[in-house]
Amino acid sequence: MENEKLFTMPFAKVYPLLVAKAERKNRTKQEVDQIIAWLTGYDEAGLEQQLKNQVDCRTFFDEAPCFQPNAALIKGSICGYRVEEIQDPLLQKIRYLDKLVDELAKGKAMKKILRKP
């Protein structure tokens, strides 16, 4: 039931929280947008449209133009769970995004966050 509440929450409510998490650590909205683009394939206009349309998290990830094939390289804990062990595919995608923004806030270099060699 708790996951369903997250799945039906408008992504437009989650997005400012992700940006605030980054900005508290002197990172930028643009960097958060870059992470979202890498993970989901949304360009700036596509992200803005999804936010404007108040789509829920399920729709946001279901309609992602090109979910990152290297997302499986994202490892580690977020909210007490290891992202690579999460069984629900939608919850895993949401936690991937949270983990990447967490890495950004902790000062990790963008190249490492985006899993570039």
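This is a tour of one predicted protein model, stop by stop.

**Before you start**

Residues are numbered from 1 along each chain as its sequence is written. The model is predicted, so local features need pLDDT of at least 70 and side-chain atom pairs count only at pLDDT 80 or more, while totals for chains, interfaces and linings use all residues; side-chain values use heavy atoms, with hydrogens and water left out.

**Stop 1: the whole chain**

Helices (H or I, at least four residues) and strands (E, at least two) are DSSP runs, numbered from the N terminus. Followed from the N terminus, the order is α-α-α-α-α-β-β-α-α. The radius of gyration is 13 Å, close to the 13 Å that the globule rule gives for 117 residues, so the chain is as compact as a globular protein of that length. This radius is taken over C-alpha atoms, and the rule is 2.2 Å times the number of residues to the power 0.38. The C-alpha trace spans about 30 × 30 × 25 Å along its principal axes.

**Stop 2: surface and contacts**

Switch to a surface view. The protein chain exposes about 6700 Å², and carbon and sulfur atoms supply 52% of that area. The area comes from the Shrake-Rupley method with a 1.4 Å probe; for residues, only the protein chains shown count as cover. Of the 117 residues, 46% are buried. Buried means under 20% relative accessible area, exposed over 50%, and partly exposed in between (1.4 Å probe, protein chains only).

Contact means heavy atoms within 4.5 Å. Among contacts with a separation of 6 or more, 65% are between residues 24 or more positions apart.

**Stop 3: A12 and Q54**

Select A12, which lies in helix α2 (residues 11-23). A12 is buried, with a relative accessible area of 19%. Not counting residues up to four places away in sequence, A12 touches L51, Q54 and V55. For a distance to draw, take A12 to V101: they are 89 residues apart in sequence and 16 Å apart in space, C-alpha to C-alpha.

Now select Q54, one of the residues that A12 touches. Q54 sits in the loop between α4 (44-52) and α5 (57-62). Its phi is near 55°, a positive value in a residue other than glycine. Q54 is partly exposed, at 46% relative accessible area.

**Stop 4: E31**

Move to E31 in helix α3 (residues 29-40). Is E31 buried or exposed? E31 is buried, with a relative accessible area of 18%. Leaving aside neighbours within four places in sequence, E31 is in contact with L104 and M110. E31 and K75 are 44 residues apart in sequence and 20 Å apart in space, C-alpha to C-alpha.

**Stop 5: the cysteines**

How many disulfides does a search of the whole structure find? The search finds 0, where a disulfide is a pair of cysteine sulfur atoms within 2.5 Å. C66 is partly exposed, at 49% relative accessibility.

Next select C79, in the loop between β1 (77-78) and β2 (81-82). The closest cysteine sulfur to that of C79 is also in C57, 13 Å away and too far for a bond. C79 is partly exposed, with a relative accessible area of 48%. C79 has a positive phi of about 55° although it is not a glycine.
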